[in-house]
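Q: I'm new to this protein and would like to learn how to read its features. Could you walk me through them, starting with how helices pack?

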Amino acid sequence: MTKHNESTRRSAAPTEQQITLRSPAELADALPYLVGFHPDDSVVMAALHGERGRLGGRLRLGIPRTREEWPDVCDQLAETLVTNCEKRGTRPDGIVLFFCQDPAPGESGRAVMERLRPFAQRLRIACGGFEVPVYEALCISDGRFWSYCCPDSRCCPAEGVPMALPGTSAMAATATYAGMRVRGTLKEMEARLAPMTGKTVPGQEHALDAAAGRLVPRVLDGGGSEAVREETMDALRLVLGRFRDTPPLGQPLKSDAHDDTLLSPEEAATIIVGLQDRTTRDQAAEWMEGPDGQAALRIWRALARRCVGSYAEYGAAPLALAGWVAWSVGEGPEARVAFSRALRIDPDYLFAHLLFQACNDGLDPETLRNCLRRERADRAVHAAAHAELERAAADDDASANSRRRRPRPKCGPVTVTRTAPARTSAARTTGPARTTAASRAAGAARAAGSGGTTGPAGPTGPGKTSGAAGKSRARGKDGQRDGLRGTRSPQ
């Protein structure tokens, strides 16, 4: 192999485990650990920095189906990787390419390699256009790999080199020691989020029809939005407790099948339709950590699988929530897969788009978690204030009713002259009682107001604006109310 392939190294802090890769075989074995899964049917780009080839940013995209797309896709891939590295402060000194695709029926791995050779060459030219050389380009197919760059047949023969068995390479041992893990293949990860198939589909679609017919008119009527939100959140809390009390099984597909039994078609339909409202979706995003986060991630996966038939587009909301929670609990590869599927369904879905960009840019999700925690605390304070206002009003009503039920004196000349002072006395004694109830309510309202202004101004959650000002802008911009699909904006 050529000398510029002698050393690439995984990016690591001085206190972390460092892994040195010295050959195409070691690069091929390292690929699943670089992206967190086996990227079948994908092109992967990895940036290298410095003299020793420290590994930097990575980019993955599905291989385009038609050759006509290759030139434009190659230019966009090269530009995206280089500019993103520059935004982080370091221009790449080199790039490594991986082309992964299983053979079609009757096709060999070598035939896949030759079919993808023009794509690899065009991408190398695109990277060269940004003055960044491609140090290595590997094709992985049918359990073997080929190099498009290395001319040495001793390490890269024409028939390809067999891949090491999973978990047996030095890279696998080092990665396991360093805490890195592979989450299966891309197809397996996407299958966990894909709509279900089989005999249960008609029943679920019928339940979705019924839920949409029951909930959507209430939202469009103008006065039922808040009631629909409460109904959706009540159903979600019930399901969340059920999932939290039922631990997942070890094997992913078996665990998903078991989770599907914990959710009735009617419950799934009510929640799916309700999540088309942005306010409800953002409130549901607050289940993002700890036991609630793990249970919520399973719920969002299960709901994404229930978006079947003509309701496939409703899957953008649960998929984006699955991506958000996966990112929040440290499952970055799954988060990217979920965001990708959400944007494939609805390319204009702003909630998924912004979170996907933040995840790819390497931002810390703790910033968003803090915003959502503050939003949840503010809502709790306002709920307490509202409850105090209702209690104060109930006390005043009870006092008024008590006065109305007080027995009247008998009529008579003397009685008439004595009743006037009695009424005046009653008026004077009930005044302070009313003032006390009002002051209690006002104090609670002031407490709610002070709670709502704590913390920095600005966004308080993914794709959401905080406070009354944010609600005013949401309504004032287009004159429409947040509602279900058909009335909501693509956020």
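A: Two packed helices are described by the angle between their axes and the distance between the axes. Here the axes are lines fitted to C-alpha atoms, for helices over the stretch in contact, with angles from 0 to 180 degrees between N-to-C directions. Angles under 35 degrees count as roughly parallel, over 145 as roughly antiparallel, 65 to 115 as roughly perpendicular and the rest as oblique. In this predicted model, helix α12 (residues 316-328) and helix α14 (residues 350-360) pack at about 25° with their axes 9 Å apart, and α12 and α14 are therefore roughly parallel to each other. Helices (H or I, at least four residues) and strands (E, at least two) are DSSP runs, numbered from the N terminus.

Q: Which residues of α12 and α14 make the contact?
A: Contact means heavy atoms within 4.5 Å. On the α12 side you'll find Ala320, Leu321, Trp324 and Trp327, and α14 brings Phe351, Ala352, Leu355, Ala358 and Cys359.

Q: What is the handedness of the crossing of α12 and α14?
A: A crossing is left-handed if the near helix is turned anticlockwise from the far one by less than a right angle, and right-handed if clockwise. The crossing of α12 and α14 is left-handed.

Q: At what angle do α12 and helix α13 cross?
A: The axes of α12 and helix α13 (residues 332-345) cross at roughly 160° and come within 8 Å. That makes α12 roughly antiparallel to α13. This crossing of α12 and α13 is left-handed. Among the residues that meet there are Leu319, Gly323 and Trp327 in α12, with Ala335, Phe339 and Ile345 among those in α13.

Q: How do α2 and α3 cross?
A: Their axes come within 8 Å, and α2 and α3 cross at roughly 45°. That makes α2 oblique to α3. The α2 and α3 crossing is right-handed. Residues that meet include Trp70, Cys74 and Leu77 from α2, and Leu116, Phe119 and Leu123 from α3.

Q: Let's stay with α2. How many residues does α2 have, and how far does α2 reach?
A: The expected span of a helix is 1.5 Å times one less than its number of residues. Helix α2 (residues 70-87) has 18 residues and reaches 26 Å from first C-alpha to last, close to the 26 Å expected.

Q: Which residues of α2 are buried?
A: Buried means under 20% relative accessible area, exposed over 50%, and partly exposed in between (1.4 Å probe, protein chains only). In α2 the buried ones are Trp70, Val73, Cys74, Leu77, Ala78, Leu81, Val82 and Cys85. Seen down the axis of α2, they fall within an arc of 150°, so they line one face of the helix; the arc is that of the directions from the helix axis to the C-beta atoms. A handy rule goes with that: an α-helix has 3.6 residues a turn, so residues three or four places apart point the same way. The face of α2 turned away from the buried side carries the exposed residues Asp72, Gln76 and Lys87.

Q: What covers the buried residues of α2?
A: The cover includes β3 (42-49), β4 (54-62), β5 (94-100) and α3 (109-129).

Q: Phe98 is in strand β5. Is Phe98 buried or exposed?
A: Phe98 is buried, with a relative accessible area of 0%. Beyond its neighbours within four places in sequence, Phe98 is in contact with Leu27, Ala28, Leu31, Ser42, Val43, Val44, Leu138 and Ile140. Phe98 and Val44 are 54 residues apart in sequence, with their C-alpha atoms 5.0 Å apart in space.

Q: And Arg301, is that buried or exposed?
A: Arg301 lies in helix α11 (residues 290-305) and counts as buried at 8% relative accessibility. Leaving aside neighbours within four places in sequence, Arg301 is in contact with Arg192, Leu193, Asp256 and Glu334.

Q: How much of the whole chain is buried?
A: Of the 491 residues of the protein chain, 44% count as buried. The chain has 17 helices and 10 strands.

Q: What should I keep in mind about the numbers?
A: Residues are numbered from 1 along each chain as its sequence is written, and side-chain values use heavy atoms, leaving out hydrogens and water. Since we're reading a predicted model, local features need pLDDT of at least 70 and side-chain atom pairs count only at pLDDT 80 or more, while totals for chains, interfaces and linings use all residues.
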